[in-house]
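User: I would like to learn how to read the inside of a protein model. Where do we start?

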Amino acid sequence: MASLFSRRPRRITWIGLLLAPLLSFPALALDPAETRHLMDRVGFGATPADFSRFAPLSRTQAVELLLAETRRTPVTPLPDFLGQDRANFSRIGQMAADERKAWEDKISAQGKAMKAWWMQEMLTTPSPLTERMVLFWHNHFVSSFNKVRDPETLVRQNLTFRRLGLVDFRGLLTATARDPAMMLYLDTPQNRRQGPNENFARELFELFTLGEGHYSEDDIKQAARAFAGWTVDQPTGRFKLNPGAIDPEVKTIFAKSGPFDGQDVLDLVLDDPQTAKFILGKLWLEFVSDTPDTAVLAPIERQFAGDWRIDRALAALLESDAFWAPENRGRLTKSPVDLVVGTLHRLNLKNLPPDQAAEQVRRLGQDLFEPPTVRGWPGGTAWINTDTLLQRREVIDRLVRGQSLTADDLRAVAPQAPISVTLLALPPRQNPPAAPVAPIAANSIAPDLDALLRDPAYQVK
């Protein structure tokens, strides 16, 4: 018996080696439909290169690769107006009428350059997930050029979103609370001990961290006192503390008392599990579906509240069965950025300069750097009505045909260069090709491509 048992381990090991390939159950590689779904959600549509590089990868490996490739700096050179004419912001009130008008014209021109800069980055970035997250935070921590009127501060806020937007929510929240564009937009510099301004404290609780119903009006009043003294140094456009405006007295916020300052208030909201729940709920609506699943979200929320790592929380969402479920595909309406950038990106169209692309996105209702209210763009089905649907179809037609989108009447002009179109823009209800179809002749739309782009399914992702 002893000799029999002595041979058994070798025998089991040999059988195990034979059966290992059958029992290992390797993760399945992405099929083209899954690649298209993933890139529709985390970027601006799949390119031929995406189909090739994701073909051997599992869902988890694809998500890990996308996160590993994210950038924290743009590839597009920053607008050349950064650092110029800062002193003028301190003397706007003393300008004569003609000088003030010239200054406003200059600021407006810089605003257009700022929008074209970001559009160029979205069109050319090797990390579309980065731009997707910058756009997400821009619509969460809303600031608008319409009120701020300082393009440099808005560009620097955009840089903050890309530097921290996939890293650490605690750091992102702190940086945004001290961000000059945010402070100017929500009147933080007007917040003083003798006259608290509640705008930032209210939006901090309602829109940025906790959501409605999880704070009291007195919490807002007390928090506003804590932020008194936070201001912007106009000559430099940077955050600074005004000691004379600080309120050092005891405040009571969320039933806790102390001589709280602004950073203490941020720590208090980060100590509340509701903040993790609120942020994860918005990420779900952005990437998964229009109906959050509390059972799926609960463990991710607990993890997020423990480390505040945005990348880990996003990875958990993208790797969840809910993200890949067939019933959650084609459920989200494309924003104007999705539609315009996605069409240019998917079809490898080079006929639209970034300033014109930004202008067309504005016409469709998504003016970059200018969300309509402090709540941002409502998104979802609000993007489409009887007017915008017709405009969307016309935009797609003209993009593919190489026609101008600059004139108010969308008057067609001859394209400056031939256009090569690759058939990849298949709607979610159809199976994608195994490989790109041969390029279509310049300035023409093949009947099958024309039908696909006109299909209502092309408006969703």
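Analyst: We take a helix, then the core, then the cavities. This is a predicted model: local features need pLDDT of at least 70, side-chain atom pairs count only at pLDDT 80 or more, and totals for chains, interfaces and linings use all residues. Residues are numbered from 1 along each chain as its sequence is written, and side-chain values use heavy atoms, without hydrogens and water.

User: Why is helix H12 described as largely enclosed?

Analyst: Residues three or four places apart point the same way, because an α-helix has 3.6 residues a turn. Here, seven of the 10 residues of H12 (217–226) are buried, so the rest of the structure largely encloses it. Buried means under 20% relative accessible area with a 1.4 Å probe, protein chains only. Helices are DSSP runs (H or I, at least four residues), as are strands (E, at least two), numbered from the N terminus. The cover over the buried residues includes helix H11, strand S3 and helix H13.

User: How many residues does the largest nonpolar core have?

Analyst: Nonpolar side chains tend to be buried together in soluble globular proteins. The largest core here has 114 residues. A core joins buried Ala, Val, Leu, Ile, Met, Phe, Trp, Tyr and Cys through side-chain atoms within 4.5 Å. Trp137 is among those with the most contacts inside it.

User: Which helix gives the largest share of the lining of the largest cavity?

Analyst: A rolling probe the size of a water molecule shows where empty space is left. Helix H18 (336–346) gives the largest share, three residues. Lining residues have an atom within 4 Å of a cavity point; on a 1 Å grid over the protein atoms alone, a cavity is a set of points where a 1.4 Å probe fits but cannot get out.

Key:
Buried < 20%, exposed > 50% of the residue type's maximum accessible area, 1.4 Å probe, protein only. Contact = heavy atoms within 4.5 Å.
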